[in-house]
Amino acid sequence: MELAPASPTPASPRPAPASPHANGWLQRRTGGDWLYLLALIGGAMLACLNYRTTLDGYDLAILILHVPILTAIGWYWRPFRLLILLVTVLALASINLYQGDLARAEKLFLLKYLLSSQTAISWMSALFFIATGAYWLGLLARSDFAERTGSFLTWSAVTMGTTGLFVRWYESYLIGPDIGHIPISNLYEVFVLFSLFTALLYLFYEGRYATRKLGAFVLLVISAAVLFLLWYAFTREAYQIQPLIPALQSYWMKVHVPANFIGYGAFAVAAMVGVAQLLVSRGLLASRLPAPSVLEDVMYKAIAIGFAFFTIATILGALWAAEAWGTYWQWDPKETWALIVWLNYAVWLHMRLTRGLRGTMLAWWAVLGLLVTTFAFVGVNMFLSGLHSYGSL
Amino acid sequence: MPRATARALIELLSSMRFAISLLTVLAIASIIGTVVRQNEAFNAYLNQFGQFWFLFFGKLGLYSVYNASWFTVILAFLVLSTALCVIRQAPLMWREICGFREHAREASLQLFHHHATLTPAVPADTWREVVTNHLAAAGFRFKVNERIDGVLFAAKQGSAGRVGYFFAHGAIVLICLGGLLDGNLPLRLMMTLEGKAPAVGNQLIADMPAAARLDVDNFSYRANVYIPEGRSSSMGVLNIDDGILLQPLPFTISLKRFIIDHYENGMPRRFASEVLITDTTSGESFERTIEVNKPLEFRGVTLYQSSFDDGGSILHFAARSFAPTSAPPLEFEGEVGSSMTLSSAGDEYSFKLELTGFRPVNVENMLESSATNMLDGLLGNGAHDPARRELRNLGPSYTYKLRDATGQALEFNNYMLPLQVNGRWYHYSGMRASQMEPFRYLRIPLDDGSIDTWFGMRRTLFDPARRSVLARRFADRNLDAPDDNTLHERLTAAAEHTLTLFSSGGFDAVGKFITANIPEAERDSAGEAFIKIMQGLAWESWQMAREEAGKPIPEADDSLAGFVRDSLAALSDSTAYGAPFYLQLSAYEQRQASVLQASRSPGKPLVYLGSLLLVIGVFAMLYVRERRLFVLLRHGTMTLAMSSNRKTIDVDETFIRHRDTLAAALQATISPPPQ
């Protein structure tokens, strides 16, 4: 949905269609596309029928909305269809193995070592680390095979991580029906979300620009996030599912948090592309990395999508705050830092679009922008106190 | 030249450079606001910064940055700057949206970054049809201009993206204006224009001056309403500048019940207030439940569940004196939030007792997190508890302050029920002299389920009149040769001396005595001797206490030895307890209070509308791509040029695609030739 095309694909390896604008949008749909749509509709209907007694109006609306949204993404970006399929199969397999009994995670081999949430997230972490190595090997040794491996591993990591989050969602309901909630409510869970969104955004650009060279850089920031995740999990035992405090029991959470992390993820991608561009501008790895114009373009696209979603996220946050705290804006440190992040990228976009600024200046800015973003994301929780103290360290 | 100056001023105000400078200042100011904690009590800042800096920062408005006048001025300038920019850009943008630029010269087309010349092979009379079909199929709107140098097709698409500019920038103006309406600017204006002034210090609401009361029709405010269960209120309170203002509400809120639900692990699950709202003018009333995330809107005022407090629970106490006389415990009751004077009959002490808090439920983790296995974190479900916490509800706790005649206060935090630690039961009472310190806990051990025995031991041990009796009994029991009078005398004297020391300050006093009077080489053995004597005395006092209470003396065993050890530790600690009595809670009637926030925010619709426009505007600006394609048909050749408002790689691709498609349809050669 967010990537709805206004013009056909840029820089794509695919040949431009013979008649590029012969209203062929529907005609270009393959059998797989229609099958995918049918599967989504079928899944939504199945969920409706099975759980209609427990679904309220919001649930139903969100469930139905998922069909067009996932269809749009899958049709626009075909590999996404396979991801959805795999995650569905794995998550359902895990749920089936559990049979409503949490203790089976300790007994069943497949659950214990593959499909319980903690294990799946551990697999995600490991796969991201190996993917980082593969991308770097590919970049330095100019090995296409290593890069392909990196790409494959990143997709696998995303599959395992997404499965892990879905299974965690299910597990939370097994603890108690009143405890169950979507796993995006504390710092541990949103770090997983951040890794997933960053990787997905990167994989999207990897396909669009037909280059795997940037994986080495983007996977670095994902690995850093995963390292933090592991450290946080081990030192604070943060991986334990906790119930929701009253302020978080709201539908707004389900849209506010993911929108925010699309923003953070996109800014992270932009910053790492910025690092690549800075290296190229100094003649480092210049022969191995894409041309500066391509790097600039990816950086712009990432910041544009990040900014758009960060805008939505901040507004959703304000709407939620109005409901929970009685005012849509009260200069809470998290809100204030969100504003600073927003202003930073707003000025970045003005500089590029209105002033026509290009080159290393914008790259440096994108890199520093990530520092500001990181502070808004983690730093505020660590150093400042305020209402957003759910993910305190 | 005032006109030129005015124009230059408008130029500056509406320039992007000015707007960005303002944004930078705004960002830095906002950062200060996140580093300096906002809207704290002035005393806290005074302590933190010292006299000089406290005043200096206060002058700068750093304690309430976002309400400081200079911050508001920057915001106002930002609104002005953005508005001027939009107004200035409007005509230009409008021309861009409506116009086709069908008068573009050939020379200027050649200057476009994307341009090419086609030399078609097909007959010239088919060109127009081919170009028209191509533009229509590609979704362009176009205008045809037949002129001397040929026929120009001026085509464009995506001009709606320009509307995004107005939406996004207009949205900023709307949001800032809405924010200014909902901020405390209206309040400040009222304070200046209508002479409203906050009341400082503790006053009853009825005694507040009229200047501290706002109008019921006040259009913008955010006030707190405190309502104990079973009572009602129609008055909100605004905290401002270390004082308060009263905001009457157009209705009365009666709190029937305040509900807190907890999860098993003690985390709160639900805060809810069951209220009855009565409209002041119409007298109509209705019942409703206000919860976190579920506010109530009535008569333009929105009520939110903001906080909760004790609403004046009644606590029934038994004050057990530490004095050697065995008077029965003093029983009395008090309401949380109130204070009273407690003095002994003989005027040995007189305290002001301030009952400050009561919590009916305290869930604590009784096990410190143990070292966990690495694999615990890597494998399995997310539900298993790695630390193997042992959560326990410790029951009600209560806090109070004892203020002496000089105004010095000690704060206490006691638990109503005895707590079991390592298999033994104790009553816990925490004490501290200042808010900065943690509570230090006195653990009074239970004997036969009550603390009576311990108090009996304390009376016996700390009563100077009974010291000699106790010392002699101790000597009687512990002397192997009971006939040796000299030895008996010496042991009695030593025991009496130890008792005197211990009574004056517990083991601390004993330790000090040893350090001061005994050579270093003998201190260890002396210390051991003192402890042995004290333990013996404690045994003796335990027996005496039970005899006095008419209880049998059981056989000594390990658990008894443990009890005596704990008693001795508590006896020692009790010398530094600071209060002459232990305040035990015997019963309570809980009454909670709910704190609701009542607000009127007239700017909210503006802000929400602005937010909607902002999202539409941002997406339109970033994702609706404006493209202009010019095709100039001349004799024998065709000039092709393209422009875009965004310079991204896909513009190159798009141009090449249009050029090649046209060239193919016209069987044309391209110049400059494609790379």
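1. B:Arg473 counts as partly exposed, at 23% relative accessibility (buried is under 20% relative accessible area, exposed over 50%, partly exposed in between; 1.4 Å probe, protein chains only). B:Glu540, at 1% relative accessibility, counts as buried. The two form a salt bridge with the closest N and O atoms 3.1 Å apart (a side-chain nitrogen of Lys or Arg within 4 Å of a carboxyl oxygen of Asp or Glu). B:Glu540 belongs to helix H13 (residues 523–548) of chain B and B:Arg473 to helix H11 (residues 467–478) of chain B, so the pair ties together parts 67 residues apart in sequence (helices, H or I of at least four residues, and strands, E of at least two, are DSSP runs numbered from the N terminus).

2. This is a predicted model, in which local features need pLDDT of at least 70 and side-chain atom pairs count only at pLDDT 80 or more, while totals for chains, interfaces and linings use all residues; side-chain values use heavy atoms, with hydrogens and water left out. Residues are numbered from 1 along each chain as its sequence is written, and chains are lettered from A and ligands numbered from 1 in the order in which they are written.

3. Over all chains there are 40 salt bridges. One of them joins B:Lys143 and B:Glu102, at 3.7 Å from N to O. This pair links distant parts of the chain, 41 residues apart: B:Lys143 is in strand S2 (residues 141–147) of chain B, and B:Glu102 in the loop between helix H4 (69–98) and helix H5 (106–110) of chain B. B:Lys143 is partly exposed at 39%, whereas B:Glu102 is buried at 15%.

4. In the salt bridge of B:Asp149 with B:Arg147, the closest N and O atoms are 2.9 Å apart. Here B:Asp149 is partly exposed at 26% relative accessibility, and B:Arg147 is buried at 17%.

5. The structure holds 72 aromatic pairs over all chains (rings of Phe, Tyr and Trp, its six-membered ring, with centres within 6.5 Å; planes under 30 degrees apart are stacked, over 60 edge-to-face, the rest tilted). B:Phe54 and B:Tyr63 make a stacked pair, 5.7 Å centre to centre with 20° between the planes. B:Phe54 is buried at 13%, and B:Tyr63 is buried at 6%.

6. In chain A, ring pairs link a cluster whose members include A:Phe191, A:Trp231, A:Tyr264, A:Phe310 and A:Phe377.

7. Two arginines sit over rings (NZ of Lys or CZ of Arg within 6 Å of the ring centre and within 35 degrees of the ring normal): A:Arg208 over the face of A:Tyr76, at 4.6 Å from the ring centre, and B:Arg432 over that of B:Phe439, at 4.1 Å.
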